[in-house]
Every structure is written in C-alpha cells, then in structure tokens.
Amino acid sequence: MDPLEVAFASPADEVLIPTLEITCDAWPAPVLLTHGYDNVTAGTEDGRTLTFEAGGIDASLPKSDNTGNQTITFAIDGVTGKSQNLIQQAVDAEKRVRLTMRLYLSTDLSRPKRDYHMTVKSGVLEVDHAEIQAGYFDLIGTRWPRVDFNSQNAPCIKYEG
C-alpha cells in the first residue's frame, strides 16, 4: 500500500508535510516555504537538498478528474515587500513563474512521496497574505503543433529542387 494512503487512512505518528518551491528565471534563487513553525530540510526528486522556510501556507490537493485544467489555490500568510519585489521582477522580465508542491511524510524527508509541478496562472496580493492560483495545463504556453516536423522525422517535407 502507498505510504500516503496509509497516512491519510490512519491516525498514526506520520504527518504530511507540504512544501512549496516557487521559481522564476528572473529571480536569483527560488522561494522555499513549508507549513508549520519549524524549517524543514528535505531531499527532492532530483537529488537536491533544500531547506524550506517555516510559515503559514495552506495548500489543497488537486482533484482527480479528466478535465485537463486542474487549478489549485494556495494561500501564503505573512508576505512582505520582498514578495512584491519578486512579483514585480517576474512581470517586468515577462517570465513564467513555476510552482512545485511536494508532500513529505514526517518519518522520511529523504524524498517527496508526491510532487506536483504547476505553472502559476494568477494571484492576488493582499496586505498580509497572497492567494496564488496554479494549474497543470498551460494552454497559452503549449506549442502547436507539439511535434517539430523536419526532414529527420518527416522526410516527405524535404524539398529538393
């Protein structure tokens, strides 16, 4: 049985620890956040070790459906002027902001049990908190056609005259 299913089903000593990694090409370093009062150092799916800063975040798990457009809202409390500066940098540089939500079990922080990679679609910055909407399917950023047709994979389009 999946360890996350066990954690959801039983009141055991294992607690789910959600973490957020918010990245943008316009920023020098990612924003790393976790829910709670203590910073968490954990491994990622690609072998990095990151320290997530404790704070007030609230994240919902994505719905399991076939719409192809699952949007999740994250609430982050205690945002400061630093957040406003980062948002302004991303807007000025016209760069995409990516969000990775990882779920860890408190008994094993070596690797996330689940990870969700999303693109930030919109957000609202209030005086003391931010609400961010992120989703899996990015229609505007999707290339069409998705396959690059060239003489290597479609030799019939090669023109010889």
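## Close-up views of a predicted model

**View 1. Glutamate 21 and arginine 102 form a salt bridge, with 2.8 Å between their closest N and O atoms.** The model is predicted. The pair joins distant parts of the chain: glutamate 21 sits in strand β1 and arginine 102 in strand β7 (residues 97-105), 81 residues apart. Glutamate 21 is buried, at a relative accessible area of 5%. Arginine 102 is buried too, with a relative accessibility of 1%. Because buried means under 20% relative accessible area, glutamate 21 at 5% falls in that class, and so does arginine 102 at 1%.

**View 2. Arginine 48 also forms a salt bridge with glutamate 21.** The closest N and O atoms of this pair are 3.1 Å apart. Arginine 48 lies in the loop between β3 and β4, and glutamate 21 lies in strand β1 (residues 16-24), so the bridge ties together parts that are 27 residues apart in sequence. Arginine 48 is partly exposed, with a relative accessible area of 32%.

View 3. Aspartate 46 counts as partly exposed, at 49% relative accessibility. Arginine 48 is partly exposed too, at 32%. A salt-bridge network links Glu21, Glu45, Asp46, Arg48 and Arg102. The count of salt bridges in the model comes to five.

**View 4. Threonine 44 lies in the loop between β3 (40-43) and β4 (49-55).** Threonine 44 is buried, with a relative accessible area of 1%. Its side chain makes a polar contact with the side chain of aspartate 46, at 2.4 Å. Aspartate 46, for its part, is partly exposed at 49%. Beyond its neighbours within four places in sequence, threonine 44 is in contact with Leu50, Arg102, Tyr104, Ser110, Arg111 and Pro112. One of these contacts, Arg102, belongs to the salt-bridge network.

**View 5. The largest nonpolar core holds 19 residues.** Leu20, Phe74, Met101 and Met118 touch the most other members. At least two residues of this core come from each of β1, β6 (71-77), α2 (81-93), β7, β8 and β9 (129-135). Strand β7 gives the most, with four residues. Not counting residues up to four places away in sequence, phenylalanine 74 touches Leu20, Asp58, Ala59, Leu99, Met101, Met118, Ala130, Glu131, Ile132 and Ala134. A second, separate core has seven residues, among them Leu32, Val40, Ala42 and Phe52.

**View 6. Ile87, Val91 and Leu125 make a nonpolar surface patch of about 240 Å².** Leucine 125 is placed in strand β8 (residues 114-125). Leucine 125 is partly exposed, with a relative accessible area of 33%. A patch residue must have over 30% relative accessible area, so leucine 125, at 33%, passes that cut-off.

**View 7. Glutamate 94 has a positive phi of about 55°, although it is not a glycine.** Most residues other than glycine have a negative phi. Glutamate 94 is found in the loop between α2 and β7. Glutamate 94 is exposed, with a relative accessible area of 73%. Because exposed means over 50% relative accessible area, glutamate 94 at 73% belongs in that class.

**View 8. The whole protein contains two helices and nine strands.** From the N terminus on, its elements run α-β-β-β-β-β-β-α-β-β-β. The protein has 161 residues, and buried residues make up 29% of them. Among contacts with a separation of 6 or more, residues 24 or more positions apart account for 53%. The protein exposes about 10,600 Å², with carbon and sulfur atoms supplying 52% of that area.

Definitions and conventions: Residues are numbered from 1 along each chain as its sequence is written. This is a predicted model: local features need pLDDT of at least 70, side-chain atom pairs count only at pLDDT 80 or more; totals for chains, interfaces and linings use all residues. Side-chain values use heavy atoms; hydrogens and water are left out. Patches are made of residues with over 30% relative accessible area and no salt bridge: like charges are joined within 9 Å, nonpolar side chains (Val, Leu, Ile, Met, Phe, Trp, Tyr) within 5 Å. Accessible areas come from the Shrake-Rupley method with a 1.4 Å probe; for residues, only the protein chains shown count as cover. A salt bridge is a side-chain nitrogen of Lys or Arg within 4 Å of a carboxyl oxygen of Asp or Glu. Buried means under 20% relative accessible area, exposed over 50%, partly exposed in between (1.4 Å probe, protein chains only). A polar contact is a pair of N or O atoms within 3.5 Å; within protein, one must be able to donate a hydrogen and the other to accept it, and residues adjacent in sequence count only if both atoms are side-chain atoms. Contact means heavy atoms within 4.5 Å. A nonpolar core is a set of buried Ala, Val, Leu, Ile, Met, Phe, Trp, Tyr and Cys residues joined through side-chain atoms within 4.5 Å.
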